[in-house]
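Morning, everyone. I have one structure to show you today. Please take a look at the screen before I start.

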Amino acid sequence: MFLRAIARPLMAKVKETTGIVGLDVVPSAREVLIGLYAKTLKEIQAVPSDEGYRKAVESFTKHRLTVCQEEEDWEKIEKRLGCGQVEELIEEAQDELKLIEKMIEWDPWGVPDDYEVEVIENDAPVPKHVPLHRPGPLPEEFYNTLEAVRKTETPAAESQLKE
């Protein structure tokens, strides 16, 4: 029993390289990620709670933080999150913190209620050499997820309407 407790951390796989030029291995990546995600959740509180940006950041950050807290091994974290290597996740988290700072500075949600946007319609035909960028159909998985979300939100919405 004692030997297992001592040997397990020593037998853990050690990452020698990320395989990405300029991206060094972070030996304590899990702890770094937990700290960055906690800081992100703290910083995002400055964004109004009804904004989509805040909801999205909180959602994926809480998920990633939970995975990092549940898993000890960097390989398991990478596999469960499916978003690249832990070193890439660290860079993403650092970038998100910088973006939160910029979003607070730019205040894109602070548009006055009486602000009017001029809409310019242009019916000129698109030249043949310019691609139209018409998106293809969404995967069926998207519609299944959307339907599941609607079903879980429906009882709460109905109870609020009755009150």
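Start with helix 3 and helix 5, residues 86-106, in this predicted model. Their axes come within 13 Å and cross at roughly 155°. Axes here are lines fitted to C-alpha atoms, for helices over the stretch in contact, and angles run from 0 to 180 degrees between N-to-C directions. Helices are DSSP runs of H or I with at least four residues, strands are runs of E with at least two, and both are numbered from the N terminus.

So helix 3 and helix 5 are roughly antiparallel. The cut-offs: under 35 degrees is roughly parallel, over 145 roughly antiparallel, 65 to 115 roughly perpendicular, and the rest oblique. The crossing of these two is left-handed. That term applies if the near helix is turned anticlockwise from the far one by less than a right angle; clockwise is right-handed.

Who touches whom? Helix 3 brings Tyr 53, Val 57, Phe 60 and Arg 64. Helix 5 brings Leu 89, Glu 92, Glu 96, Leu 99, Ile 100 and Met 103. Contact means heavy atoms within 4.5 Å. By class, that is 7 nonpolar, no polar and 3 charged residues. Nonpolar covers Ala, Val, Leu, Ile, Met, Phe, Trp, Tyr, Cys and Pro; charged covers Asp, Glu, Lys and Arg; the others, Gly among them, are polar.

Next pair: helix 2, residues 29-43, and helix 3, residues 52-70. They pack at about 150°, with axes 9 Å apart. Helix 2 and helix 3 are therefore roughly antiparallel. Their crossing is left-handed. On the helix 2 side, the contact residues include Leu 33, Ile 34 and Tyr 37. On the helix 3 side, Val 57, Leu 65 and Cys 68 are among them. The classes here: 7 nonpolar, 3 polar and 4 charged.

Now the cysteines. Is Cys 68 buried or exposed? Buried, at 0% relative accessible area. Cys 83 is partly exposed, at 31%. Buried means under 20%, exposed over 50%, partly exposed in between, with a 1.4 Å probe and protein chains only. The disulfide count is 0, taking a pair of cysteine sulfur atoms within 2.5 Å as the rule.

Finally, the whole chain. It has 6 helices and 0 strands. Of its 163 residues, 23% count as buried.

Two notes on method. Residues are numbered from 1 along each chain as its sequence is written, and side-chain values use heavy atoms, leaving out hydrogens and water. Local features need pLDDT of at least 70, side-chain atom pairs count only at pLDDT 80 or more, and totals for chains, interfaces and linings use all residues.
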